[in-house]
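Dear colleague,

I am passing on a structure for you to look at, and my notes on it come after the structure itself.

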Amino acid sequence: MMKTPIILSLLFAVSFLPAKAQTYEPSAENLKARQEFQDNKFGIFLHWGLYCMLATGEWTMTNNNLNYKEYAKLAGGFYPSKFNAAEWVSAIKASGAKYICFTSRHHEGFSMFHTQYSDYNIVDATPFKRDIVKELADECHKQGIRLHFYYSHIDWYREDAPWGRTGRGTGRPNPKGDWKSYYTFMNNQLTELLTNYGPIGAIWFDGWWDQDANPDFDWQLPEQYAMIHRLQPACLVGNNHHQTPFPGEDIQIFERDLPGENRAGLSGQDVSHLPLETCETMNGMWGYKITDQNYKSTKTLIHYLVKAAGKDANLLMNIGPQPDGCLPEVSVQRLKEKGEWMKVYGETIYGTRGGIVSPHDWGVTTQKGNRLFVHILNLKDNALYLPLNGKMVKKAFLFKDQSPVRIARAGQGIVLQLPETPVDMDYVVELQLVGQ
């Protein structure tokens, strides 16, 4: 059921020099892309694959020990007749998101793009016969939305993929797999993704943790990262390995946690100086789950975005598309509501960095030059002390209507004397600082 590539990518064949990869120095294009990534602040994650047909989440294959040959039969019935890339990208753009991260190939092993290195893909294995990634890429480029690719390092379907702690009950015959074959396959696919779909903002890896019981397992990441940077120097590399960043990585990823927090138990790593991104679900699952209608409120989603920005991080908010090709109705409504908020307050998020006042229970601050945005999310009073380390404030006003806010000096900081106790989802006060 798997096609053996006749001609390996020349780029892959002549590429990897470990010493060069280990001494990675980002190019000027890459450094510029990192800054633009930080400026964008908000992206949408799309988890879509054959698993949507079972409507029980993206891990259903391993959770239910589904035989890999039986599972593959889902492809014969996958026909997302209502998929419309223009509608997807338009709805996401209207939310204020600046980029999309799409699952080109998840742990189930099915490729959502047309690849010559396996018949198990959206064009060759389904009656749909359309390259979803191509349509999505073309529409993103048309509408000015950056496209990132999620790519799984593990595979519960391929016989040459070495077993880790997941996917052990899918019926594949050889636990050891054939690493050389599988590694070649992955790099050939990555070459396709970075060659056939225009400029790509980032490759978002996942699955390193699957070999956590085998500490000597060598994923050969430096060579892989070097190949990506050679194909597209501006393409950022991130890896959801739940560790401090490895050499060759351009961004640091946190799963279901804000940087420096570890409430979900996945993000205990130190926070690096690389651009940061935290990913979170809109309901409870990454892939479509028909019984999960427990969507977070618009207020909760906005607070997560604001808190991420206050910690100098991006938010990658997930949606699991339905098997018919539509985005779930509630998620579309949340996108619309978030977009309405961003029309008013986007200026306090886009292009900012974490402010000089660290996050507190009452909220966070974001900053652009001498403009400090105080995001008050939880305050039961009409006065707020801000420790400014002696910095002077020239002017203070409510962001929404520019009405003045009184301030009083207090030690090394100031006290904002608000006109009322804040009740807005995000009550934003802008301070214009002196000498920034």
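Predicted model: local features only at pLDDT ≥ 70, side-chain atom pairs only at ≥ 80, totals over all residues.

Residues are numbered from 1 along each chain as its sequence is written, and side-chain values use heavy atoms, with hydrogens and water left out.

The chain is divided into domain 1 (28-352) and domain 2 (355-433), with bounds that come from an automatic or database domain assignment. Taken over C-alpha atoms, the centres of the two domains are separated by 36 Å. In contact (heavy atoms within 4.5 Å) are 18 residues of domain 1 and 16 residues of domain 2.

Between them the domains bury about 1,500 Å², 70% of it on carbon and sulfur atoms, where buried area is the accessible area (1.4 Å probe) that two parts lose on being put together, summed over both. Tyr345, Glu347 and Thr348 supply 35% of the area that domain 1 buries against domain 2, more than any other three residues.

The rule for salt bridges (a side-chain nitrogen of Lys or Arg within 4 Å of a carboxyl oxygen of Asp or Glu) finds two across this interface. Glu347 also forms a salt bridge with Lys368, in which the closest N and O atoms are 3.1 Å apart.

Best regards
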